[in-house]
Amino acid sequence: MSSEAFLQVQGLAKAFQPARPVFAEVSFALAKGEFVCIIGHSGCGKTTILNVLAGLDAASGGHVFMDGRAIDGPGLERGVVFQGHALMPWLTVRQNIAFAVRSRWPQWGRTEVDAHVKKFVALVGLLPAIDKKPNELSGGMKQRVGIARAFAIQPKMLLLDEPFGALDALTRGSIQDELLAIVRQTQQTVFMITHDVDEAILLADRILLMRNGADLPAGWRPGDIAEVVANPLPRTRTRAGLHHLPGYYDLRNHIVDFLVTRAHAH
Ligand SMILES: Nc1ncnc2c1ncn2[C@@H]1O[C@H](COP(=O)(O)OP(=O)(O)OP(=O)(O)O)[C@@H](O)[C@H]1O
């Protein structure tokens, strides 16, 4: 594994039942500024891996290092966005994000916090709604607030667990475009779970294909990363132009074939 890797995951394992680990021997690395998606069927352990990276869950085996230091708990150097937006319902957009910003920079004054909050609310196009509470916002807008909040603490790494899963296709598309623009602009390192093959092809530099654990005649085989696919499409790709690019269908078919024939034991 490269010594330059920003995130190093080595031999990670998780067992809720000792004899049947969900996954084992999971190793991968992310370079700084790299966008990596993980794809696999329900139950293979994607969220568990992300929770370990977030420091919200402990692995049963293996190690995770970020920037050379072992991850052993949650920290503001990692920003997490889940499918549910997890905003505080009694606070406005401005207050929700300010809360995170103040935890990150407790020494900042009110004006400094507010200017910072506004910058990130503007980035996701929500300035007109900055003083609204979550129940006055659509699902897509709430998800944008979650993204703005994660970016506002300027984490060293973003961890996204199907952040657009609950959105309609149109909203999802426009937020994907926004996310891509912000990530390109800020050179963020991102680890993202998705079930959507096109989303992975649009966003990711590399795609980890994860296999489910399986009961084989020889005994239990834990889940693992079966293959790492490098995205050969140019980084300037856009959602609208994706399917016109040479190589797009080969890549898409390869991932879909994996999900259909190899991700589950037969
Ligand atoms: N706290 C827990 N106790 C026992 N089993 C758990 C616990 N959390 C997760 N599991 C099991 O571990 C496996 C992996 O769960 P995980 O949520 O990581 O999968 P996933 O790949 O993210 O699935 P999905 O795509 O459906 O979100 C599942 O079989 C799940 O039932």
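Mentor: Before we start, one term: a residue counts as buried if 20 or more other C-beta atoms lie within 10 Å of its own. Also keep in mind that this is a predicted model.

Trainee: Got it. Which residues of helix 4 are buried, then?

Mentor: Met 141, Lys 142, Gln 143, Arg 144, Val 145, Gly 146, Ile 147, Ala 148, Arg 149, Ala 150, Phe 151 and Ala 152. That's 12 of the 14 residues, so helix 4 is largely enclosed by the rest of the structure.

Trainee: What do those buried residues pack against?

Mentor: Strand 6 (78-81), helix 2 (93-104), helix 3, strand 7 (157-161) and helix 5 (169-186).

Trainee: And how far does helix 4 reach, end to end?

Mentor: From first C-alpha to last, helix 4 reaches 20 Å, close to the 20 Å expected at 1.5 Å a residue. After the helix comes Gln 154, with a positive phi near 40 degrees.

Trainee: What about the loop before it? Is Asn 135 buried or exposed?

Mentor: Asn 135 is exposed, because it has 9 other C-beta atoms within 10 Å. You'll find it in the loop between helix 3 (110-123) and helix 4 (139-152).

Trainee: There's another Asn I clicked on, Asn 212. Where does that one lie?

Mentor: Asn 212 is in the loop between strand 9 and strand 10 (214-216). This one is buried, since 20 other C-beta atoms lie within 10 Å.

Trainee: So which residues is Asn 212 in contact with, leaving aside its neighbours within four places in sequence?

Mentor: Gly 40, His 41, Gly 43, Cys 44, Gly 223, Ala 263 and His 264. Arg 262 is 50 residues from Asn 212 in sequence, yet their C-alpha atoms are 9.3 Å apart.

Trainee: New topic, the ligand. What surrounds it?

Mentor: Phe 16, Val 22, Gly 40, Ser 42, Gly 43, Cys 44, Gly 45, Lys 46, Thr 47 and Thr 48. That shell divides into 3 nonpolar residues, 6 polar and 1 charged.

Trainee: Okay, on to helix 7. Which of its residues are buried?

Mentor: Leu 251, Ile 255 and Phe 258. They sit on the same side of helix 7, because they cover an arc of only 55 degrees around the axis.

Trainee: What's on the other side of helix 7?

Mentor: Exposed residues: Tyr 249, Asp 250, Asn 253, Val 256, Asp 257, Val 260 and Thr 261. As for the buried ones, their cover includes strand 3 (35-39), helix 6 (197-203), strand 9 (206-211) and strand 12 (224-230).

Trainee: What does Met 66 stand opposite in strand 5?

Mentor: Arg 69. Strands 4 and 5 make a hairpin with 2 residues between them, and Asp 67 in that turn has a positive phi of about 55 degrees.

Conventions. Residues are numbered from 1 along each chain as its sequence is written. This is a predicted model: local features need pLDDT of at least 70, side-chain atom pairs count only at pLDDT 80 or more; totals for chains, interfaces and linings use all residues. A residue is near a molecule or strand if its C-beta atom, placed from the backbone, lies within 6 Å of it. Ala, Val, Leu, Ile, Met, Phe, Trp, Tyr, Cys and Pro count as nonpolar, Asp, Glu, Lys and Arg as charged, and the others, Gly among them, as polar. Helices (H or I, at least four residues) and strands (E, at least two) are DSSP runs, numbered from the N terminus. The arc is that of the directions from the helix axis to the C-beta atoms. Two residues are in contact if their C-beta atoms, placed from the backbone, lie within 7 Å. Two strands pair if DSSP finds at least two bridges between them. The expected span of a helix is 1.5 Å times one less than its number of residues.
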